[in-house]
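Got the sequence and the model open?

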Amino acid sequence: MIDTHAHYTDSRFREDIADILSRIDSSDEIEYVIEASTSIEDSINAIELAKNNKKLFALVGIHPSDADEIKVGWEDELRSLAGYDKVVGIGEIGLDYYYDDVDRDIQKDVLKKQLSIAAELELPVVIHDREAHKDVIDICLESGVRGVFHCYSGSIESAKQLMSKGDWYFSFNGVVTFKNASKVREVVEFIPLDRLLIETDCPYLTPVPYRGKRNDSFLMRETFKAIAEIKGISFEELERITRQNTLRLFTRMETF
Ligand code: NI
């Protein structure tokens with residue numbers, strides 16, 4: 001299994017991160033983990049984690065909820081961080097109208113600038129879209145970059161639009177196992193197999209039956225089971241297909 005979106009720099013892992021990473025390292029189940037970043041500082045930490053752990057890769061980027069804390073020169077800094085070993089994309093970036101704690105124009109500006117850095121460096125992006133579907137889709141399609149909508153919560157119609165006008169993937173996590181998530185399961189059923197990625201978003205969004213516990217990459221097998229069942233294929237087939245998709249999107253993974 002490949003976990004395409006994790007946050008091991010989160011404070012909830014502070015006490016036992018060394019133990020978790022060594023279990024991932026010796027695991028037969030987990031092949032790779034992609035660590036997503038939320039700020040410049042977090043990007044530096046993610047690069048450090050990836051450098052010291054052979055199964056880890058890093059994304060660098062500024063989350064919309066951190067978009068009001070950027071400092072002068074952040075674009076050059078991000079551009080240079082994107083050039084480090086084991087950095088495979090720009091993320092997570094996007095718009096968040098749910099918390100709405102950062103001015104929407106600032107969020108849009110920081111998103112657009114990061115998309116243009118991704119375009120310039122020919123890197124894929126990882127998109128965070130919470131209750132901002134239309135604006136995110138318009139801005140992403142206009143940018144011409146490729147990438148994945150992580151924890152996809154949009155409609156089937158929006159997915160069709162993204163696939164017909166651009167090179168976009170859709171990633172799902174423990175939410176597909178939640179009792180009240182029948183809409184997400186319908187979307188999973190629709191998404192073509194060659195556009196599907198799987199992630200944890202750990203420490204958040206722990207799958208059933210572990211809800212309430214902190215999430216980690218090992219619990220992702222519950223998500224794989226649920227999605228394999230929805231798609232009517234075996235666990236192994238889903239592993240094989242999502243592995244191919246991940247390497248096709250994050251082309252740098254095979255170069256490190
Ligand atoms: Ni995330």
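This is a predicted model: local features need pLDDT of at least 70, side-chain atom pairs count only at pLDDT 80 or more; totals for chains, interfaces and linings use all residues.

Residues are numbered from 1 along each chain as its sequence is written, and side-chain values use heavy atoms, with hydrogens and water left out.

Q: Is Lys51 buried or exposed?
A: Lys51 meets Glu48 in a salt bridge at 3.7 Å, N to O (a side-chain nitrogen of Lys or Arg within 4 Å of a carboxyl oxygen of Asp or Glu). For Lys51 the figure is 58%, so Lys51 is exposed.

Q: Which residues coordinate the nickel ion?
A: Donors are N, O and S atoms within 2.8 Å of the metal (3.2 Å for Na, K and Ca); water is not among the atoms, so sites may look incomplete. Along the chain, the donors here follow the spacing H-x1-H-x84-E-x108-D. At 2.1 to 2.4 Å, the coordinating residues are His5 (NE2), His7 (NE2), Glu92 (OE) and Asp201 (OD).

Q: What is the arrangement of the four donor atoms around the nickel ion?
A: Four donors count as tetrahedral if all angles lie between 85 and 135 degrees; four count as square planar and six as octahedral if opposite donors are over 155 degrees apart and all others between 65 and 115; anything else is irregular. Here the angles run from 87 to 174°, which makes the arrangement irregular.

Q: How many residues apart in sequence are the parts that Arg221 and Glu29 tie together?
A: Their side chains meet in a salt bridge at 2.8 Å, N to O. Arg221 lies in helix H8 and Glu29 in the loop between H1 and E2, so the pair ties together parts separated in sequence by 192 residues. (Helices, H or I with at least four residues, and strands, E with at least two, are DSSP runs numbered from the N terminus.) Arg221 is partly exposed at 25% relative accessibility, and the sequence separation of the tied parts is 192 residues.

Q: Which residues is Glu222 in contact with, leaving aside its neighbours within four places in sequence?
A: Glu222 sits in helix H8 and counts as buried, at 13% relative accessibility. Contact means heavy atoms within 4.5 Å. Apart from those neighbours within four places, its contacts are Thr177, Pro207, Val208, Pro209 and Tyr210.

Definitions and conventions
Buried means under 20% relative accessible area, exposed over 50%, partly exposed in between (1.4 Å probe, protein chains only).
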